Amino acid sequence: MIKAVAMSHSVAMSHASLISEGRKSAGRMLIIVTSILLAAIAIFQILDASGVITFGLTDWRPTLYAYVVWAVSVGISQVMMRGEAGHKALFLLPALLFTIALVIFPTVFGFYIAFSEWNLSSFDGQKFNGLDNLRTLYHDTYFWNALRNMTFYVASVMLQYALAFGLALLLNADIRARKFFRVAFLLPFMLSPVAVSWMIGKSLMEFRFGPLAGLARHLGWDNPAFFATPWIARFSILALDAWVWLPFMIILILAGLQAMPKDIQEAAKVDGAAGWTSFWHITFPLMLPVSVTTIVLRIIFQLKLADIVINTTSGGPGGATDTVSSFIFREYRDRSNVGYGTMAAEVYLIIIIIFITILLNLVGRFMRREAAQ
Amino acid sequence: MTTASEAYSARRRASQPWNWSRAVAKILIYAALLTWAFICLFPIYWTISTSFKTAVNVTQGDIIPFIGRFQGDWKGWRSLGLSPDTIFQVSTVRDEFFLRFGNSVIASVGASLLAVIIGAPAAYGLARFNYKFGPWRNKDISFFFLSQLLLPPVVLAMPFLVLYKELALLDNLFGLILVYTLMVLPIVIWITRDQFETIPIELEQAALVDGCSIWGAFIRIVLPLALPGMVAAFILSVVLCWNEYFFAALLTSTNAKTVPVMVASQTGSQGISWWTMAALSTGAIAPLIVIGVFLERYIVKGLTAGAVK
Amino acid sequence: MKVEEYNQLLSMQTDRRSLLKGAAGVAALGASGGLGATAIPGSALAADSLRAAILKIPGVGKGSPGDAEWQKVGEMCLEATKANVKPGEFKGVELNFMGLNNQNLHNMLFRGFLKPWEAYTGAKINWIDLAQADYNARLQQSIATKTVDFDILEMGAPFEGDVCGKGLASVMPDWVKKQVDIDDYSDYLKPPVGTWDGKTYRITIDGDCHNFNYRTDYFSDPELAKAWKAEGHQGEWAVPRTWQKVNEVTKFLKGKKIKGQDAIGYLDPAKGWGGFGFYFLEDRATAYVKHPDNKAWLFDPENMKPLVNNPGWVRAIQDVIDSLPSEPADQLNADPGTTAFQQFLAGTGSMLSWWGDVGSMANTSDTSVIGNDVAFDILPGSDDVYNYKTAKWEKLASGPNFAPNCAYLGWGVYVMARVDADPKKQKAAWSAAAHLGGKDLSLWMVMYPSGMQVHRNSHSDIAEWVGAGYNKDYITSYLKSQFGSYNHPNRAIEPRIPGIFQYYSVAEDELAKVFAGKMTAQQGADSIAAAWDKLTDQIGRENQLKLYRASLGM
């Protein structure tokens, strides 16, 4: 199944040749038997479910158990048949088989739904409708509007990254009460999006009694309505979301900073203009891999931004803060338009995959160039 | 390690004469630190203090307790059956809260453990060996795991509902643990893979020469070294699972229900009980704050090893 | 505390004066509101004293009641159950109850009420609590994936098409009808509401309509009255009774002060609320588009063509656009919840449309700071009404056209058909539902914060409200507005067609664009109509048309 080739282990000998034929065939037998078992139980269940035979199974647990048995025996037979290569495959197999087991049905079923018209209130149920959903999506102004907003949200990740980097540098500087600041900076990450949108978005930033609005009035902004005009609303949403996620970025970057060799750190800590130069020439390039991880992970989470938008603005005013996820949420949940909502999500997924792949490639190329310099 | 560097900086501090630009820089650094600490902590203070407010305190935006109107009130906690006068009485709301709290603990800890147990070996494999899986190489397998993070969860609603119904996993803590594991597995793999890559390969080679099997070397040599990173991944996973709302609302009903849905229930067509919501939020984040205070160093330390390749 | 002890306590407390006051209240109401004809509970004295006793728990003005009070009330109201069920009769039965946890009310409240019931009958209830935002989706998904895992369901009438129409609900047995005294329901909640194809499914625990809430201190303020005259407005400074006047007053109040604070007129919730926000546009629109000669106002009952882009609706949308500049600066991001609870109840704004519970909450809930400065009326009318059949604006000979919006039709308790197979379970489920929908219990629920409002004729007894501690003028005004809407000949009834909230949700999205200035009122209305047409085709036009006509009684 999975071929693992030892590359880095120079001492690794080829055990494969030492495995006896008997052991190999026993392993092969094991996998064949359990595969047949799994297939048989699955077919039996399909027949039972479709009413061809009546055995009266209430759920698909037997197939699940058969799958578990099969998965375990795949692992065992890998070891039996391929020795060390099998041992190596064993590292990856549990996670891989687990993920595949859980996502294969939802993925297939998801695509099946995406090409159908399925409004949960409809008395007719699900109807196949080919590419209609795709066509509707192409003309859906809400989708395109949300996608445009997403470019803003994603672009803002660079801003968040700069801020997080700055804060991580501060935490890494010679400071007293470092422990206090580190804990303080981490805490916002602990709050759930529900709590954040209500206790902060709708209470702290409340127009009448929110202390933030009070502060804004004090500073001379007469009508501190944080969610009433498009750009202010966008930045308010961004601030809320960044507040939650900055700690995540800070700790990743801070970890990177602390992992740098001490002498380099000290060299980079020289004050003044020289410090600035040394940051650009030493710290920043060394931090590139961490930065990439941080930014990519953050972009992925940013692309799924929904909860805070749904709770605080519902995408308003006039769609200015709408995200693709919150748009899908409205279609799928508020309007029970399951077929169309799923299609929108699949298309979004493909856009994301393309975007992330390009991003990773560009980053890879950039890093190689940096390394070559 | 830290003591050495601190001693070094202290020496450096002592050896350099006092000057103004240095003092200004210090002031600026502390000003920035304090400002940001305030930004981080004030909303949490706001949440906790709101749980002791009455309607007037909320609508007037009182901030500082024990001054004027804001004398503190147990109203929010009373509605949860957790105020001093109700704590020993029967309270359905409190029972509900504790049931959900217990479930939240089991679901998030269980899922995070499972994710680390199956994720760490996978990450090690991806860091050390070259796999071929049909046309897929390591990079593609990594991306496959990562891609599980990409899908907006809302579209998994119907498929998972159908799948779980057929597997009799609805309203089942184990079922919830499986979904959460799927959710945090990519993050665990991503973080721990970086960890394993930084561990010098010579250590394992030495162990192999001594006659260890690959798994023996992994368990006896690599795991202890990578433990901080796995702890960090575990803690991050717990936090993410603890706050998960969508699948909790979708897949649970009476047995496996968790805390976040109860927090969201404080809003609706009868307005918002700010004090109750704040009390619930406080109760819900309390364990995470404890984690933050006591385990913060493990998070950063754990991530440190793997951060720079 | 045991019921006997409570009765004893009560008999010591009751004095003649409050009884007399109560009687006077009934007489006053009879004279002013034409409500004298509605039934005053004429049952045995024991029942009356029970009603009076439960209303003393904890007493109006003593803060929000909690768990202990709920259980006490549940215990005291158990007599009706005892008549139909033997002690321990349902031993071993387990029931799943799905409903809302709305601010730790609804399901939490029901738990308290049903605890004594569980103790008496021996049944056990498991609870599924949903946040309101999840309710619709969860229900629809359960139905679609056949994962209905609940036996008793708290549900609003608009979803009857989705549940009863698909044969998922259990038909109400006759003994339940008797136990809950189903004939006591307000007229507009009687069939066809609660029924499907002639069968009864619903135990009503709530009545819903929007009424007009206003601040009395605004409209008795001499400074404002003077300014009103000085600016040359027509008529006296008084509570506006038509939307034309509401708009005039709202614009007039901009920039004025009252008690040193900014005066603000009507509050339009401009932000969506998962579909519920559309009700608030309906509030303005019904007076313009609900013609007394025609029951239809949302769709054309001939072909399901949306009426939402006719001149009447467009005028309502335009009203909101014109009023928004005179409303608070954050109004564009204020959903109905914010508008009612963070603005109106917190003292901002002088006029608001809302369900009746804002009224009882102003007095009994911890959320309110405006207390007795609130009074009520049915929704404003309009000087003219648009008749879509003639495509003309008409002035009625009878004066302004009023059309109260009976939004949502209230919560009810339904039993699912899946219990029917087991007679013991079926009886247990219906007994639990009947206990929650009990006549005496309902009185307590509508008087205290529970999320439920008046829905029975027997709730109109002012003496009982005053006995519980309500101010007489206040409660008279409140009940008059409620029953005035329920019994209004031109009330606008919400059609119980499947997916009705999908229509509202689409409309909210378009309205958000209109209110943000991206479209004109007419453009917005046209896109709502187009989206609705598409939705109707998706759900099935024939079927929707049939159900729409049935829900209007055509």
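**Chains, domains and contacts in the predicted model**

Buried residues account for 45% of the 373 residues in chain A; a residue counts as buried if 20 or more other C-beta atoms lie within 10 Å of its own, as exposed if 12 or fewer do, and as partly exposed in between, with C-beta atoms placed from the backbone. This is a predicted model, in which local features need pLDDT of at least 70 and side-chain atom pairs count only at pLDDT 80 or more, while totals for chains, interfaces and linings use all residues. Residues are numbered from 1 along each chain as its sequence is written, and chains are lettered from A and ligands numbered from 1 in the order in which they are written.

Along the principal axes, the C-alpha atoms of chain A fill a box of roughly 80 × 65 × 35 Å.

An automatic or database domain assignment, the source of all domain bounds here, gives chain A domain 1 (16-114) and domain 2 (135-372). Their C-alpha centres lie 41 Å apart. Contact between them involves 4 residues of domain 1 of chain A and 5 residues of domain 2 of chain A; two residues are in contact if their C-beta atoms, placed from the backbone, lie within 7 Å. The domain 1 side has 3 nonpolar, 1 polar and no charged residues. In this classing, Ala, Val, Leu, Ile, Met, Phe, Trp, Tyr, Cys and Pro are nonpolar, Asp, Glu, Lys and Arg are charged, and the others, Gly among them, are polar. Of the chain A contacts with a separation of 6 or more, 67% are between residues 24 or more positions apart.

As for confidence, the mean pLDDT of chain A is 86, and 92% of its residues reach 70 or more; pLDDT is the predictor's confidence in each residue, from 0 to 100. Over residues 1-16 of chain A the pLDDT is below 50, though this stretch has 34 contacts in the model beyond near neighbours in sequence.

Next comes the pairing with chain B. Here 91 residues of chain B touch 88 residues of chain A. Helix α13 (residues 274-307) of chain B supplies the largest share of the chain B side, 17 residues. That side splits into 66 nonpolar, 19 polar and 6 charged residues. Chain B itself is divided into domain 1 (18-44) and domain 2 (92-307), with C-alpha centres 35 Å apart.

The largest nonpolar core has 358 residues, and those with the most contacts inside it are A:Ile250, A:Ile251, A:Ile253, C:Ile152, C:Ala432 and C:Ala433. Such a core is a set of buried Ala, Val, Leu, Ile, Met, Phe, Trp, Tyr and Cys residues joined through C-beta atoms within 7 Å. Helix α9 (residues 230-259) of chain A gives the most to this core, 18 residues. Setting aside neighbours within four places in sequence, A:Ile251 is in contact with A:Leu186, B:Ile299, B:Val300 and B:Leu303.

Chain C holds 23 helices and 16 strands, and 62% of its 554 residues are buried. Helix α4 (residues 67-76) of chain C is mostly covered, with 8 of its 10 residues buried, including C:Trp70, C:Lys72 and C:Met76. Chain C is assigned domain 1 (3-209 + 408-486) and domain 2 (210-403 + 497-551), and 27 residues of domain 1 of chain C meet 26 residues of domain 2 of chain C. On the domain 1 side, α20(C) gives the largest share, 7 residues, and the classes are 12 nonpolar, 13 polar and 2 charged.

Chain C also touches chain A, through 31 residues from chain C and 26 residues from chain A. On the chain C side, α7 (132-144), α21 (500-515) and α22 (521-539) are the elements giving two or more residues. The largest share, 6 residues, belongs to α21(C). By class, the chain C side has 11 nonpolar, 14 polar and 6 charged residues.

Conventions:
Helices (H or I, at least four residues) and strands (E, at least two) are DSSP runs, numbered from the N terminus.
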